[in-house]
Amino acid sequence: KATGTLLYNTAARLKDPKHLAFLVGYIARREILTDLQLSAALEYVRSHPLEPLDVADFERSCGVGVCITPEQIEEAVEAVISKHRAELLAERYHFNMGLLMGEARNRLQWADGKTIKNEVDLQVLHLLGPKTEADLEKKPKAAKTRLAPAEKQKVAVVENGDMGTETQSLLEQLRGEALKFHKPGENYKTEGYVVTPNTMALLKQHLAITGGQVRTRFPPEPNGILHIGHAKAINFNFGYAKANGGVCFLRYDDTNPEKEEEKYFTAIREMVEWLGYQPYAVTHASDYFDQLYTWALELIRRGQAYVCHQKVEEIKGHNPPPSPWRDRPVEESLLLFEDMRKGKFGEGEATLRMKMVMEDGKMDPVAYRVKFTPHHRTGDKWCIYPTYDYTHCLCDSIEHITHSLCTKEFQARRSSYFWLCNALDVYCPVQWEYGRLNLLYTVVSKRKIIRLVETGAVRDWDDPRLFTLTALRRRGFPPEAINNFCARVGVTVAQATMEPHLLEACAREVLNEQAPRAMAVLEPLKVTITNFPAPKPLEVLVPNFPADESRGFHKVPFHQTIYIEETDFREEADKGYKRLAPGQSVGLRHAGYVITVQNVIKDVSGRVIELEVTCTKSDVAEKPKAFIHWVSVPVTCEVRLYERLFLHKNPEDPLEVPGGFLSDLNPDSLRVVHNALVDSSVHSARPFDKFQFERLGYFSVDPDSEEGKMVFNRTVTLKEDPGKA
């Protein structure tokens, strides 16, 4: 069984038939016995792709013939335990036993891991004796050190289910990924990479051009607005290059002219830069249309592509009938492809297909198709356009990309990626896949967002209830919060589906450090101070950040008339109610006064419309149970309060929402407060400026603001709503 497992792993991880036979021989003769030896053997043959293998050096590198005796294992473990004896006696079974395992493995590279573990367990038991009740108790966590604001930007601390979990910064994670990925120029060491007789010469030329620099690219289609899933792609591509001293291209995949608009090109670049990244170069797939066409002709000449007349519906799915034109003569395909270029075929009447089978079993993917649509950059020059399967890897090759990072659904295209570069004898980068980032309670597909806009469910692509990047910016999410969220998700291969409240937690963490405080009242109740202590308004100094007064103050007028929240007053104080009521005083935040109700004024319907109160200096008044926020001589503003756009976690799932996503809209996803009152310190704020309205949440100035009428969007509440977690 063990030998069978080794054989299976070898066949799955090594595509070179010559080296495959070589390794199978060692496994069959039981000279390679462990996964550790097999990994070393695979690494060795990948590092020597073309030259004949030095058998003696190979056997030495993967432990062939090395025999580790039980006595050697016993001595190695004894030496390691002796080294850590004092710590073991002090910490007992709370000591990190993995450290002992690691050090023993380092002393005996080819020893069996299970045997070492058993020996460690035995010797530790001999030294410490059986576990006591104290040993079974969990080790107490070390107290966390409070970070300065500057340090908090370096470490992404994000709240999750158990709150307060510290996450490595994305750059730290991506430096770690560099240990798993190939080094520039060592593409051939990657599992599944196909080595040809020209590979090493092409890699040598590649290194001469790049100087061994890491090169990545972010290749969006300019036919829609970027969403939260793209934020992970941006962070991964730009972040990996940055973490490893490299560069990242922003390359627009503009091969579908009928769907592309200039506004999307502009918005994409804007969002990349908003997240804090600068492209090394901004390029377009259309920059390379001439070269791609020349290579298509060469592919036909090499017998690797042909012109086909099957209809789109005929070649859809995984088991379409083979093309009857697959073996047509090269000269005929060259002439027909030229006719395609000259516009002699209608749309759908002819395609250029590549002779290959993809990993998912799909045969002969399309390389070119006819489209009589002017291109925004090349005009009417072309009426044939290349597909993603043809364009992507060749553009990567032209730009000498070292790591082509893409989401997991493109894994089925990896074989076509390698095949096409090798079929044309051009430099072949390496494609690496990572998991998509999805969010619950939303939709991100362009088609569905367009439906939401058309039906009036949202205003546009930047409606703050959506999770496009422009919408998140408009709502007030700082770019650092989005980057920290991506770090929290991590560099995973598995698809991640996250709750929105995790992103909101990241926003709170950043805004707590960035957003200056102000006071606002959403549902105002007029309060008149009958014994106001001065003939004219006073000025109150309010700290911008109460936890750090060194970051400055702003002045707020304090007048005989103030406004408080309606909910901060009750005519009858229930048990546990601590705010203002007849017979129960409250303090006014930052003012230094305590107010007490003297008279409650109501309208004809019995609704409370005004309070008359007296005030007393805080230092002489009895300490109140609570302090409330207030405004005086305020600015009247519009405030937009947002909730989730959809009622169910998966609005696109027909099992959860049989009526379709448009039937799942939350009728209370937007509440507009037209006459909210905000203290005058915000009067000069500009669109996207952010504030914490004390006791209410974090708010951002909306671009709809105009002279005399400011508009604020609530980004997040101060605390997570337990009902949403």
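Residues are numbered from 1 along each chain as its sequence is written, and side-chain values use heavy atoms, with hydrogens and water left out. Because the model is predicted, local features need pLDDT of at least 70 and side-chain atom pairs count only at pLDDT 80 or more, while totals for chains, interfaces and linings use all residues.

**Domains**

Begin by colouring residues 1-62 as domain 1, 70-127 as domain 2 and 526-626 as domain 3, as the domain assignment of the protein chain gives them; such bounds come from an automatic or database domain assignment. The C-alpha centres of domain 2 and domain 3 lie 67 Å apart.

**Helices α7 and α8**

Next select helix α7 (residues 97-107) and helix α8 (residues 113-128), which pack at an angle of about 125° with their axes 10 Å apart. Helices here are DSSP runs of H or I with at least four residues, strands are runs of E with at least two, and both are numbered from the N terminus; axes are lines fitted to C-alpha atoms, for helices over the stretch in contact, and angles run from 0 to 180 degrees between N-to-C directions. The pair is therefore oblique, given that angles under 35 degrees count as roughly parallel, over 145 as roughly antiparallel, 65 to 115 as roughly perpendicular and the rest as oblique. Show the side chains of Met 97, Leu 100, Met 101, Ala 104 and Arg 105 in α7, which make the contact with Gly 113, Ile 116, Lys 117, Val 120 and Val 124 in α8, contact meaning heavy atoms within 4.5 Å.

**The parallel sheet and its helix**

Move on to β3, β4 and β5, an open sheet of three strands in that order with parallel pairing. At the edges stand β3 (215-218) and β5 (281-284), each with a single partner strand, so one side of each is left without a neighbour in the sheet. From one strand to the next the twist averages 30°. Strand β4 (residues 247-252) pairs with β3 over four bridges, two strands being paired if DSSP finds at least two bridges between them. To place this pairing, pick Phe 218, whose bridge partner in β4 is Leu 250.

**Helices α13 and α21**

Now select helix α13 (residues 228-243) with helix α21 (residues 479-489), whose axes are 10 Å apart and which pack at an angle of about 80°. The two helices are therefore roughly perpendicular to each other. On α13 the contact is made by Ile 228, Ala 231, Lys 232 and Asn 235, and on α21 by Ile 482, Asn 483, Phe 485, Cys 486 and Val 489.

**Two hairpins**

Finish with strand β20 (residues 586-588) and strand β21 (residues 593-602), an antiparallel pair with three bridges, in which Val 586 stands opposite Ile 595. Four residues lie between these strands in the hairpin, where His 590 takes a positive phi near 70°. Strand β22 (residues 608-617) then pairs with β21 in the antiparallel sense over nine bridges, with Val 608 as the bridge partner of Lys 602. The hairpin of β21 and β22 has five residues between the strands, and there Gly 606 takes a positive phi near 90°.
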